[in-house]
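Here are a few quick notes from my pass over this one. Have a look at the structure first, then read on.

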Amino acid sequence: MKIKFVPPRLPKAGTLVLFVADGRKLSPAGMQLDRRSGKALTRALNASRFKGKAEETLAILAPAKLGVARVLLVGSGKADPADRALWRNCGGGVVASLNGTGESEAAVWIEPGDHAAEIAAHVAYGARLRAYRFDKYRTKEKPDQKPSLKTLSVLVADVAAARRLYAPLDKIADGVFFTRDLVSEPANVIYPESLVERAKALTELGVAVEILDEKKMTALGMGALLGVGQGSARPPRLLVMQWHGAEDKKLPPIAFVGKGITFDTGGISIKPAAGMEDMKWDMGGAGAVIGLMMALAGRKAKVNAVGIGALAENMPSGTAQRPGDIVKSLSGQTIEVLNTDAEGRLVLADALWYCQDRFKPRAIIDLATLTGAIIIALGHEHAGLYSNDEKLADQLAAAGKATGETLWRMPLGDAYNKMMDSDAADVKNISGSRDAGSVTAAAFLERFVNKVPWAHLDIAGTAWSSKDKPTVPKGASGFGVRLLNRFVRDNYENAAGK
Ligand code: BES
Ligand code: MN
Ligand code: ZN
């Protein structure tokens, strides 16, 4: 789908999209609508249940004089000009309503006003985010099964301003799409070695990409990460990406670490067969970190950022680690592996320690599809947020609200930490009880961050969506890219590198 910003002139073909505020408020102020067409629209509107609430849509045949084939009315609710999420959702709604109809071109009328350019940019951004589709393996699809919308024109007076505001959003969407692609790919295509190959595309944007293979990781002493990977024919990797966008290239970076289990069978503590296919998404954390680095570099963010992916495939085999094995982590702490299915925390333990030790970051944020328990606690509406730093937690929660990738704060503390004490080693990888399963996982991670301001996002319930949402078609959501891009923009990005 192509997105264009064009001066406001009534289109002569395709679909004209008009926003209608709650209470059936159609106010095409600057529009050169003739009276008869205006009346016909109002009549159609009044004859329907459509009220103009957010996410409502109504398609009607266009009044004869208008020239376009149809008019799509899209509810804009309170129509608050400053509510960007609302306008993004409106843009998503346009794409969702037209893609299955056969319509190939649409033009969205943006009401003139102080915020018009900003509204136009966010409508376009929402439309682009919703238009994502992972269909490369559907080889037999008929044309009328494919999305039909080819061109979306956004009609706005200040075209230049709208384009300028849209440019960085377009780069964020590139990052979101990169993440969605990586997460959607099956595990026979994406495994540690092929994932790092894909990440190398970021070098073109100025990101330094470095790869640690099992030899290097052995030399360093990453026994926890290597233990997870040792059962697979696909060797593990540590992906390290660096973006130096701040004026002072020596400024300590902000760091992001992602769980990248390219497939999680559970290992010897094997998972039940039903639903196991979902575990190709178990690299959603690393996928988000890669997409985030793409977004930051793409829009040339004035920040120094490090992105790390802890990549392994968790398989059962004759070489796999066993329940009861004790491994030595990079931190020096020994870990009793009581359940090989609690593998995400093991790969993160080494990646987190490596990150703080090598980069001395100002803060570390990790993302991981870490526990089924966070889905029990929060469903698919929020990701779990854990942090040892109040300010960091507040900044992340605020970025979540602003982007719609929302977070819910969860606790840490001595009592949970104690539940991870092992009789045989320094720490064990499961508590041995199902109580507070997502919290004890976070408590485990906390032992490997060495006092750096740190936050952990358990994204097991949000990396994938089983239903369509306004700016997220069902499937891989790319959760984390928009959130953390916003977090960086609001708190870490200026010349001084505050
Ligand atoms: N990748 C899973 C967590 C997961 C489950 C993500 C469902 C998305 C959907 C993780 O590696 C895992 O297996 N966790 C176990 C931990 C348990 C063994 C303590 C779990 O949640 O059951
Ligand atoms: Mn697991
Ligand atoms: Zn896992």
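1. Let's start with helix H8, residues 284-298. Keep in mind that this is a predicted model. With 15 residues at 1.5 Å each, H8 should span 21 Å, and its end C-alpha atoms sit 20 Å apart, so the geometry agrees.

2. Is H8 buried or exposed? It's mostly covered, with 15 of its 15 residues buried. After the helix comes Lys300, which has a positive phi, near 55°.

3. The largest pocket holds about 1200 Å³ of space. Its lining is made up of 40 residues, and those closest to the centre are Lys271, Leu370, Thr371, Gly372 and Ala373. Strand S9 (254-264), helix H9 (344-359), helix H10 (373-378), helix H13 (437-446) and strand S18 (464-465) each give two or more residues to that lining. H10 has the largest share, with three residues.

4. Helix H2 (84-98) and strand S19 (475-476) supply at least two lining residues each. By class, the lining splits into nine nonpolar, seven polar and eight charged residues.

5. Where does the second largest pocket lie? Domain 1 (2-156) and domain 2 (171-491) both give residues to its lining, so it lies between them.

How values were computed. Residues are numbered from 1 along each chain as its sequence is written. Chains are lettered from A and ligands numbered from 1 in the order in which they are written. This is a predicted model: local features need pLDDT of at least 70, side-chain atom pairs count only at pLDDT 80 or more; totals for chains, interfaces and linings use all residues. Side-chain values use heavy atoms; hydrogens and water are left out. Helices (H or I, at least four residues) and strands (E, at least two) are DSSP runs, numbered from the N terminus. The expected span of a helix is 1.5 Å times one less than its number of residues. Buried means under 20% relative accessible area, exposed over 50%, partly exposed in between (1.4 Å probe, protein chains only). On a 1 Å grid over the protein atoms alone, a cavity is a set of points where a 1.4 Å probe fits but cannot get out, and a pocket is an open set with protein on both sides within 12 Å along at least five of seven lines; lining residues have an atom within 4 Å of a point. Grid points are joined across faces, edges and corners, and a volume is the space filled by probe spheres set on the points. Ala, Val, Leu, Ile, Met, Phe, Trp, Tyr, Cys and Pro count as nonpolar, Asp, Glu, Lys and Arg as charged, and the others, Gly among them, as polar. Domain bounds come from an automatic or database domain assignment.
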